[in-house]
Amino acid sequence: MSVFIIAEAGVNHNGSIALAKKLIDVAVDAGVDAVKFQTFKAEKLVSKDAQKATYQKENMKESNDSQFDMLKKLELDLDMHHELIAYCQSKKIMFLSTPFDHDSIDMLNDLALPIFKIPSGEITNLPYLRHIGSLGKKVILSTGMADMGEIEDALDVLINAGTLKKNITILHANTMYPTPMEDVNLNAMKTIGAAFDVAFGYSDHTLGIEVDVAAVALGASCIEKHFTLDKTMEGPDHKASLEPDELNAMVKAIRNIEIALGSSVKKPSPSEKPNMEVARKSIVALKSITKGELLTEENITIKRPGNGISPMRWDEVIGSVAHRDYNEDDLI
C-alpha cells in the first residue's frame, strides 16, 4: 500500500483564502495525497491571556500579539471551508483539517471529512478524544510530547468510543518547530507500531526531508509535513515548513523509496540477469589439454564469462578426465 502523504498547510494561509488556494495548488503539483488545514475558534482554543509558544515568539518577532490575537487572524470560517473543500475536489486532492474544539469537530463531521486528525496537544483531552472516537471515522493520532502510557490511554478512549483499531494510524511526532535532529528519536515510531499493533507513521517538524524518507524506509504508512509558499512569510509556522521545491523533492524521494523497498524476496532482478553471464565466472582451460588427460589445478582455472560450469563445482571437476581436446580459455 502506498504511503499516505499529508501536506500540512496548517495556518500558513495567514487567514487568506487566496493564499490557501495557492497552497492547495502546490500540494497538488507535488503529488501528495491530502492537504491539511486547521479548524478552530480562537475563543474555544485559548484563554485571552495565554502566552505564545517560544518558537511562535521567535518566528514572529515583529508582532506583540497574544496567542489569542494571533490565532484569531488565522481562523477559517464555515464559508471558507466550503470554498476550500470545493477547490480540493476540483483539483482531485483530499481536504483534511485538524479540529481543535468540539464545535470544530462537529463542523468537520457535517462537512463529511473522511479522516480526523488529532493533534499532539489533544492526546490527553478525554472529552475531545471520546467525541472524535464516537464518529467511527478513520483517525490519525499525533503523539508529540506523549509517552507510551498516554498513547495507550488515548487509543483505549478512541476504541471504546467506537472507532475500529484498524482505522487508527498513530504518528510519532515532536512538537518543537523546528525539531533538533537529536530529539527526533525515529526508532520510537517502530516501538509504537510494535507495542500497539497499529498502522504507524511520522509527523515531521525537522527542517529537511531526510527524516521523512528514513521514516518510510522504517515502515511508516503515513507522513505529515508542513509546507509554505515562502519560509520568510510572517506567521508562526513558515520557518519550519518546506517550500514548494522541497515538498516536490520529499514526495519524489518517498515514492522512490517505496519502490526501492521491493518485495523482501532476495533473487536476481530482471535488470541484472543479463549481467550474470558477464560478471560471473566459469571453469576454463588454463592451457591446451588433450582428450583423456586428468583435469588438475595445473591445467584448469576460473575466468569470465559465466556461461559454463560454475566454479562452485570446482571440486567435482578436479580429478575428472577431459572428454575432448581444449585450447587455452575454452570452457570446460
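Helix 6 and helix 7 are roughly parallel to each other, a term that applies to angles under 35 degrees. This is a predicted model, in which local features need pLDDT of at least 70, side-chain atom pairs count only at pLDDT 80 or more, and totals for chains, interfaces and linings use all residues. Residues are numbered from 1 along each chain as its sequence is written, and side-chain values use heavy atoms, with hydrogens and water left out.

The two helix pairs are set out below, with axes being lines fitted to C-alpha atoms over the stretch in contact and angles running from 0 to 180 degrees between N-to-C directions.

| Helix pair | Packing angle | Axis separation |
|---|---|---|
| Helix 6 and helix 7 | about 10° | 10 Å |
| Helix 1 and helix 11 | about 30° | 9 Å |

Between helix 6 and helix 7, the angle and axis separation are those of the table, and the contact (heavy atoms within 4.5 Å) is made by His-102, Ile-105 and Asp-106 of helix 6 together with Pro-127, Tyr-128, His-131 and Ile-132 of helix 7. Within helix 7, which spans residues 126-133, the buried residues are Tyr-128, Leu-129, His-131, Ile-132 and Gly-133, where buried means under 20% relative accessible area with a 1.4 Å probe, protein chains only. These buried residues pack against strand 3 (94-99), helix 6 (102-110), strand 4 (115-118), strand 5 (138-142) and helix 8 (148-161).

Helix 1 (residues 17-30) and helix 11 (residues 244-261) form the other pair, and they too are roughly parallel to each other. On the helix 1 side Val-26, Ala-27, Asp-29 and Ala-30 meet Pro-244, Leu-247, Asn-248 and Val-251 of helix 11.

Leu-247 also belongs to the residues with the most contacts inside the largest nonpolar core, which has 60 residues; such a core is a set of buried Ala, Val, Leu, Ile, Met, Phe, Trp, Tyr and Cys residues joined through side-chain atoms within 4.5 Å. Helix 1 gives the most to this core, with six residues. Leaving aside neighbours within four places in sequence, Leu-247 is in contact with Ala-7, Val-26, Ala-27, Ala-30, Val-32, Phe-227 and Leu-242.

Thr-228 lies in the loop between strand 8 (222-226) and helix 11, and Thr-228 is buried, with a relative accessible area of 0%. Not counting residues up to four places away in sequence, Thr-228 touches Asn-12, Leu-23, Met-233, His-238, Ser-241, Leu-242, Glu-243 and Pro-244. By contrast, 77 Å separates the C-alpha atoms of Thr-228 and Thr-290, which are 62 residues apart along the chain.

Methods
Helices (H or I, at least four residues) and strands (E, at least two) are DSSP runs, numbered from the N terminus. Angles under 35 degrees count as roughly parallel, over 145 as roughly antiparallel, 65 to 115 as roughly perpendicular and the rest as oblique. Buried means under 20% relative accessible area, exposed over 50%, partly exposed in between (1.4 Å probe, protein chains only).
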